[in-house]
Amino acid sequence: MITLILGRKGSGKTKRLIDLCNQATDQSKGNVVFIEKEGVSIYDVSHKARLVVADEYGVKGFDAFYGFIAGMCAANYDLTDVFVDSTLKIGGSDMEALGAFAEKLNILSKKEEVNFTLSVSADKSELPEKAAQIASIL
């Protein structure tokens, strides 16, 4: 399952994402990962979740980002939830590429039984049709 948290900068997306992540760590019988660009949420994300800073691994662009996430799934069969903050800052601002990324994640989600929740700094009207059709929108 893919869930998108949409809104402009300053609309509370990160706080909501962190709250959802912390809830997941309490409920999950597996592992939870929180991915962000720069590592600013270190004190807010539960210590039970794995905090991953994309910049530390040189992840840039949606293709590299997908490979990074798929590698996590391949290496950790107990992964249940992945939360991504600032998706467009990591993957890039190309909304069509975001749509293709969401399609790939949707397939990966079903195959690996992992839930993905992404914060995206955009309005629903800006989303590619592909992404809007396959993801739940918060």
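1. Ground rules. This is a predicted model, with local features needing pLDDT of at least 70 and side-chain atom pairs pLDDT 80 or more, while totals for chains, interfaces and linings use all residues. Numbering starts from 1 along each chain as its sequence is written, and side-chain values use heavy atoms, leaving out hydrogens and water.

2. The second largest pocket. A pocket here is an open set of points on a 1 Å grid over the protein atoms alone, where a 1.4 Å probe fits, with protein on both sides within 12 Å along at least five of seven lines; lining residues have an atom within 4 Å of a point. Volume is the space filled by probe spheres set on the points, which are joined across faces, edges and corners. Among the lining residues are Arg50, Tyr57, Phe68 and Met72. By class, the lining has seven nonpolar, two polar and one charged (Ala, Val, Leu, Ile, Met, Phe, Trp, Tyr, Cys and Pro count as nonpolar, Asp, Glu, Lys and Arg as charged, the others, Gly among them, as polar).

3. The largest pocket. This one holds about 350 Å³. Of its 19 lining residues, Thr14, Asp85, Ser86, Lys89 and Ser121 sit closest to the centre.

4. Around Ile69. Isoleucine 69 is in contact (heavy atoms within 4.5 Å) with Ile35, Val84, Phe101, Leu105, Leu108 and Phe116, leaving aside residues up to four places away in sequence.
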